[in-house]
Every structure is written in structure tokens, then in C-alpha cells.
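Dear colleague,

Please find below the structure that I am handing over to you. My notes on what was found in it follow directly after.

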Amino acid sequence: MARSTRAVSGTEGVSGLGAAWYRSIKTASRSGMRVERAFNDPWGALRSGCGVAIAVFGALAWLGPAHAVLPALGAQLTGMTTVLPGYRRGPGLTASTALGLFVGAFVGNAVAPWPALFVLVLALWAFGAAMFWALGAAPGIAASMTVPVMLTIVRPPRDFADAVQFALLIGVGGAVQVVLALAWPDRSWSAQRGALADACASVADYARRLSRDQDAVFDPNALAQARAAATLTPRQARRRPSELSGIRVLMDQVRAVLAVLAKPPGQMPDAERAQIRDLLLAAANVLDTAAGSIRSGSVVPPSTALLTAMEKAARDSIAGEAAQNAAEKLIDLLTQVDAVLRQTDEGDDDRAGHHGFLRRPGTRQRLDQAWRTVRRELRRDSPILRHALRVAVVVAVTDGICKLFNVQHGYWAALTVVMVMRPDFSQTFGRGVARFAGTLVGVAIASTVVLLFHPDPWVAAVLAVACTGALYLVMQSGYLVASTLITAYIVFLLSMDGLALASTVRERVALTLLGGLIIFTSYALWPSWQTVTLAGRLADLIETTGTYAASAIEAVAEPGASSRRRAREALLDSRDAYLALESAALAAAQEPVRDRGPSREGLTRAHHALARLFEAAVVVQTHLPPDDEPARPAASAFARTMRDALLATAGQVRDGETVSSTDLDGALATWRAAQDGTPATILLDAARLAAEANRLQALLTTLDTAPPAGPSAATG
């Protein structure tokens, strides 16, 4: 594979490197300081705020100000899990976090009398918590919140019973949030509504772009998010609003039919091409209406006039059997969407809301899946493993330095490390800047209130609860706002116990700055770049897309439920690989080492070619024959050739080798010559699929997609 020379030397190299770092840090800093007008579910924020209030006021009345801080800390950290973004939050995650807080507090107290042992245990605990990022953002954040309770040990325990008492006080605060999460479950379905509405809107946008450009490609991100949101327990499925049932599956089908309708085989008169454009635009309007209905929760079905116009367009003659069938299928699917929104399709259980849902696995299955996922990341080239090792080392070094020099409240520096560090460069730097700025603002506001008004413990508790309630409501507004509210919350909590506020505030500001400097230094000395993973991510996408293309052909060649299931699973695997590459590319775009991975132009062009290949496979999959049709061995042989060719291409890209071409046209010609009754439309679409695969291989022979060579790839 050709690889361009992008290295520079001498003064230009130093200048270019410095400029790259400056641009990346400036962009990340601006991102961290940005404030969004985004809010969580008010009822969820109120529930979590009530949990903190119960813990704080209950402990204040029962135990007094000296012991109220610990239940408040446990309730505040556990309550964060109930307002995290995503669809996996719930009582299970909340209970797991509360248990982790209890165990972490006990272990930290048990080893606190021995500083060296404490630092070692802290490093191991931080490493394990950071590995949970392999499961996603919500589990990663929840696990990282169990580390602070190990650090916030103001004094070593006197004995074993003292350590248990400390842990119980933390655990009681977390238990309050667990009880509230069980007794006051989420009922708004706002996250699921938003995800499904985004999926409808993305398909509508696809239809609109196809009306202008028949080679437009579809971004599957919204459909993937909708699928994640649709993973429910049986109890949740029974409570799910009817308009959230079944439409996601219909969107997948509509997307495929739109691709067939926009790209009919053969030539088409301009008048009929214009008719297809009108039909695509009408479909986009219907889908936009459906998205608005789902998002608002007030069902507003598409207008009868619009549906009538679409039916008329479908009845009018469109040249070619494939285009006519696609138009009729599109009308049928959109009518089903309309029926679901009107809640009139009662006979179809798959869309009525009780049986057709993605079942969330049980607790044991989820634990097994989590263990397998984390174990897969225990490899040298894993970004998650590098992140976990960095967090463990930096937290241990930071806490060790503070203990060595007997820095009072030195755990605040280590807390900054734990709460700021993320697996990628841009988030870590952005959060570091935002945390320091938020600490200054929060300290200034809260300390001014305390010094001017000298609130008694109960008033300080009310102010602390107000801060954490506001935090739960505006967590999506940005880390600057969150850090400001967290700092104010801590200042008000500490003022309940009458601590020396002036010195405490100065220490927190200074140690937050120290923690940030240590984080930035660690990235400079021990970097971990997403840029160097892009070649592997691209190879994964080539592999999964090739597997899906072959599986789509096999679903036509070997009719049956098993081949259809394999094609569906391959489609989802390819979608996951696409999202992984997108995520890595977005993170890599913010990094100052863009010369260590594939060029941005090469990655973009390869990505686009793969999207076209995927679209061609989607069109082939729409030709699924009845189960009683005979198998077509020549088609199966063509599918094997396709799979082997693209798997070999993926391996060559991953290893930085020259991509070789494959004679897919010969295998297709053998299929044509077999005369096994395959309809001409299927052969035409298979020829387009082969052409896209050949075009991808030809493109990769000339593009700079090779991974970096030498020590850069290993060290990041």
C-alpha cells in the first residue's frame, strides 16, 4: 500500500508540532468551557435531589454536623447514576454504585493506617474502575465515582469497627437513592422518545437527500441509538407507550426500500424519475410528522391528503417492476407507521407493545457479558487498558506525593485526577480546564455566601441540597456548570461542620490546579492517541461490511430463517464497527498527532466507499425469496468469494500491506451462467455490489490508510 511521507524535520517540525498542540489544547479548552442549554428530566432530578435531602437532613438530625457529610457524599455520588445520559441507567446501576461506594469506603479505611499499602490498593481500585469504560460511558462514570470515597479519609480509623462505621455512613446515603429509584421509577420515556424520533428524522433526511442524489448514503447512528433505547425488560415493555412499539423495525425496512426506489436498475425517463423524487419527498414529510408525534408524545398522524397523494403516486405507472414494487412497499410501510401512531393496528403483537421488543438480558447474563467485554480489552493495543493503567499510576503518584509531603487534604488533587481523566485526549483536557474554572467560580460564590451570612448547619444543608439538585438538572449543560455546582456543594457541606473555610478553600483551589498539571504532564509523557487506532478501526469496518455483503447474498442464495438471521446479525455488527470508527475519528480529529495514523482524506474516501458498498448490500437484502425456493449454489460461491476477498483486504489494511484485487466479476459471471432461475433484478443488484467491492479495493491501493510504523504505534 502506498504511504505518503508526512514527516518534517528541523525547525519546521518543532514549529509544526507546537502549533498542533496549541490548536488541539485551544479546541479542547473551548469545548470544556462551553455551556449548553440542555436539561435532564426534571422529575428524575427532583427524585435524586430528594435522596440527597433525606440523607443530609436525616444524618444532621440523628448524628449531627460532624457525621452528616458522609451520608451526603454517598447520596450525591449515587444520585448521579440516575441522571447520567443513555438508556442503561436504572435501579441496577444505582444499586451497583451504592455497593461499590460501600466496599470502596471500607477497603480504603481498612488499609488507611499503612500509607504504602493504601497507595497500592488505591492504584488497583482505580485501575479496575477505569476498565469499566469498556462497557460504555454510564458504567465508566459510575465506577469512577467509587474511587473518591477511598480518597476522602480525613483521619485513619481507630479500629475495624471504625472502618465499618465509615463505610456504613457512606452506604446509607447510597441506599436512600436505591430505594427512591425503586419506588419512583422513570416514567417519562423521554430518552426513548428522543432516540426513536431521531431515527425517524434520519430516515426522512435520507429520503430527502436521495431525491437530490441517488448515491446518497445513510448514517446509521440514529438507528443504532434507537435500538439501544429499545432494549427493555418485560416489565418495561408492558409500560411502554404504544407509539414507541414497532416503528424502529419499520424504519429499518423503510430505509432499505428507499434505497431500492432511488436506484432502480436500468434507464428511466425524466418524467418517471421526477415522479420518484416526488414520492421520496412525500415519504420524508410523513416521516417528519411521525418524528414530531413521537418526540412530543401527542400523536399527530400524517394528513390524509398526504397519504392519498402517496397512494396515487404508487398507483401511477413507474417503469420497471423493481421500482413499482418498491413504491408499493414504501406506501405499505408508511401506512403501518400511521397505524401505529393511530393505535389502530391491534392485531399485530409485534407492534402492539407486549411481545415485539428487544429483551434486556437478566442479571447473570449481563454480568457474563460485562466480564467478557472487559476481558477483551486486556490487550496491549487497547485504548481502555492504556487509560486504566494511566489512571492507576497517576492517581497513585498524586496521592503518594501528597502523603510524602504531608499535604493536608491532599486527596483533592487525586480526586481531580479521577474525575477529569477520560480515555481520549480532548475530553480530558477540556474537562481539566472546565474543572479548574468551575472550582474557582464555585468557591467564589459559595465562600462569599458563607463568609457574609454565616449560615447555621441546617441552612448550609439546604444550600448544599439546592446545589446538588441543580446539578442533577443541568448535568447536560457542560462540565463547567457541573464543576461549579459540585464545588459549591462541597463548600456548603464543609461549612456545616464549622471547618476553617478560608484555608480549606485555598487548599482546594491549589490542589485542583496541582491535579490538573499532573494530568497534563501524564499525557505529555505517556500519551494514548486514538489516531493510531484508526487503521485497525477501518479494517474492522471493512471486515464487518464484507461479512454483511456476503451474508446478504447468502440470504438470497440459501432461503430460510437462519440465513436471514445471519444477515441481520452481520448488519448490526457492521453498524457497530461504523460507529466505533466514527467515534475514534471524532476523537482523533482533536489530537495534535494527526501524522501518526491514516490521513484524514484517505480515511474519508475509504469510509465513503464502504458506505456505498453497505448500501448496495442493503438493496440485495431486500430481495429475500420465500423459504420454499431452492438453493442457488453459484450464488453461495459468489458470496464466499466476496467474503474471502474483503476479509483479506481488511487484514492487509490492518497490517499496512498493499491491498490486492480480487476477481469478483469472474464469480459473478459463473453465477449468471448457472441459469438457476435468479431474477434479473437480483443479478443486476449483485453486479452493483461486486462493482462497489472492486471500487473499494482499487481505492485502497492508492490511499494512505496504513497504521504508523515503529514505536509510535505501540506507545501511542
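In these notes, a residue is called buried when its relative accessible area is under 20%, exposed when it is over 50%, and partly exposed in between, using a 1.4 Å probe and protein chains only. By that rule, 54% of the 716 residues in the protein chain are buried. Please note that this is a predicted model, in which local features need pLDDT of at least 70 and side-chain atom pairs count only at pLDDT 80 or more, while totals for chains, interfaces and linings use all residues. Residues are numbered from 1 along each chain as its sequence is written, and side-chain values use heavy atoms, with hydrogens and water left out.

Overall architecture

The protein chain contains 30 helices and 2 strands; helices (H or I, at least four residues) and strands (E, at least two) are DSSP runs numbered from the N terminus. A contact means heavy atoms within 4.5 Å. Among contacts between residues at least 6 apart in sequence, 82% join residues at least 24 apart.

The interior

A nonpolar core is a set of buried Ala, Val, Leu, Ile, Met, Phe, Trp, Tyr and Cys residues joined through side-chain atoms within 4.5 Å. The largest such core has 89 residues, of which Leu151, Ile170 and Met496 touch the most other members. Helix H22 (residues 479-496) gives the most to this core, with 12 residues. Beyond four places in sequence, the residues touched by Met496 include Val56, Leu60, Pro457 and Ala461. A second, separate core of 57 residues includes Leu534, Ile542, Ala609 and Ala645.

Helix H6 (residues 137-144) is largely enclosed by the rest of the structure, because 7 of its 8 residues are buried. Those buried residues pack against helices H4 (91-111), H5 (115-131), H7 (148-151) and H19 (411-420).

Ser522, in helix H23 (residues 501-525), is buried at a relative accessible area of 8%. A polar atom of the Ser522 side chain lies 2.6 Å from the backbone oxygen of Ile519. Leaving aside neighbours within four places in sequence, Ser522 is in contact with Arg390, Val394, Met421 and Pro527.

Salt bridges

A salt bridge is counted when a side-chain nitrogen of Lys or Arg is within 4 Å of a carboxyl oxygen of Asp or Glu. By this rule there are 18 salt bridges.

Arg575 meets Asp252 in another, at 3.1 Å from N to O. Arg575 also lies in helix H25, so the second pair ties together parts 323 residues apart in sequence. Asp252 and Arg575 are both buried, whereas Arg568 is partly exposed at 28% relative accessibility.

Arg612 and Asp215 also form a salt bridge (3.9 Å, N to O). Arg612 is in helix H26 (residues 600-621), and Asp215 is in the loop between helix H9 (190-212) and helix H10 (221-229), 397 residues apart. Asp215, Arg612, Glu692 and Arg695 are linked in a network of salt bridges.

Yours sincerely

Technical notes
Polar contact = N/O pair within 3.5 Å; in protein donor to acceptor, adjacent residues only side chain to side chain.
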